[in-house]
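Welcome! Take a moment to look over the sequence and turn the model around before reading on. We will walk through it together, one region at a time.

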Amino acid sequence: MAERKIALLGGTFDPIHVGHTAVAAEAVKHIGAEKIVFIPAKHSPLKGFFPIASDDDRFKMMALAIANQKSFELSDCELKKPAPSYTLETVRKFQADYGNETSLYWLVGADSIDDLAHWYKIVELIDECYLSAMYRAGCEPPDFTKFEPIWGRQRVEKLQRNVIQTPLIDISSTEIRARLAASRDVTDVLHPAVADYIRTHGLYRRKVKP
Ligand code: ATP
C-alpha cells in the first residue's frame, strides 16, 4: 500500500490569516501530502493567555478561509477537549485514526522553535511524527543544531531534513488584532469572508495588549 502523507497545522488562529493558508499550501506541495488538517487549539499551553475570539468564532472563520480548497481540512478535535491541548496527544489521535501506514507531518513556524524544548514530551513527538519547521518572516531560518546536546544528533538531523522553505509572509494574528482594535484596514491580510465575519460580529474591537 502506498504511504499516505498528511500534514497538520495547529495554532490559535485568532484569527486565521492569509499567511497561514499560504504556508499551508506550500507545505502540502513540498511534502507531497494528500491534505493538510488545520487544528485550532483551545488554549496554547505556552501562550499563557486565552484566545480573544471564542472557539466557535475562530472555528467558523477557519471554515470560511479554507472553503473551496480541496486539500484543506478543519478539525475540532482539540476544541472538544478541555484545555490545554498537547500536540503529542493530537498526533497520537490522528495516527490512531489513519493507521500506521500514514506519515504525519506536524508543521510549526520558525517563531516557535525556541519554545520547542518546553513542549510536552517533545522527544516522543520528534520520534513519532515528522516535525516540520517552516520559514517565517522576521525569524532566522529554522536551525536545530543548538538542541543536539539534549536531543542527540539523529533527532536534530531528522528535524533539519524536514525544514520547509515556505514563502516569507510578514503577517501575524497579533498584528491583525492590533490593527482591528485601532480600526485600521486588514483587507490585505485576511480572506474576504473572514474580514466580513469579523465586521459583522464586531470581533477584536477592544484594545488588547499584544
Ligand atoms: P499570534 O500572533 O496570535 O501569536 P500567529 O500569527 O503566530 O498568531 P498562530 O495561530 O499562532 O498564528 O499560528 C499557527 C502556526 O502557524 C504556528 O506554527 C505559526 O508559527 C505558524 N504561522 C503563523 N503565521 C505564519 C506566517 N506568516 N509564516 C509562517 N508561519 C506562520
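A polar contact here is a pair of N or O atoms within 3.5 Å. Keep that cut-off in mind, and keep in mind too that this is a predicted model.

How far from a nitrogen atom of the ligand does a backbone N or O atom of I169 lie? The distance is 2.9 Å, so with the cut-off of 3.5 Å this pair counts as a polar contact. The backbone takes part at G109 as well, where a polar backbone atom is 3.0 Å from an oxygen atom of the ligand. At T174, by contrast, the side chain is involved: one of its N or O atoms is 2.5 Å from an oxygen atom of the ligand.

Now step back to the whole shell. The ligand is surrounded by 21 residues, and the closest are F13, D111, R136, S173 and T174. Sorted by class, the shell holds nine polar, eight nonpolar and four charged residues. Which helices and strands each supply at least two of the shell residues? They are the strands β1 (4-11) and β4 (102-109), together with the helices α1 (18-31) and α7 (173-181).

Two loops are worth a visit next. Between β1 and α1 you will find P15, and the peptide bond leading from D14 to P15 is cis, with omega near 5°. The loop between α7 and α8 contains S183. This residue is not a glycine, yet its phi is positive, near 55°.

Finally, turn to a pair of helices. Two packed helices are described by the angle between their axes and the distance between the axes. Helix α2 (residues 55-66) packs with helix α8 (residues 192-201) at an angle of about 150°, and their axes are 8 Å apart. Because of that angle, α2 is roughly antiparallel to α8. The crossing of α2 and α8 is right-handed.

Technical notes: Residues numbered from 1 in each chain as written. Predicted model: local features only at pLDDT ≥ 70, side-chain atom pairs only at ≥ 80, totals over all residues. Heavy atoms only, no water. Near = heavy atom within 4 Å. Polar contact = N/O pair within 3.5 Å; in protein donor to acceptor, adjacent residues only side chain to side chain. Helix = DSSP H or I, 4+ residues; strand = E, 2+ residues; numbered from the N terminus. Nonpolar A, V, L, I, M, F, W, Y, C, P; charged D, E, K, R; others polar. Axes fitted to C-alpha atoms, helices over the stretch in contact; angles between N-to-C directions. Parallel < 35°, antiparallel > 145°, perpendicular 65-115°, else oblique. Left-handed = near helix turned anticlockwise from the far one by under 90°.
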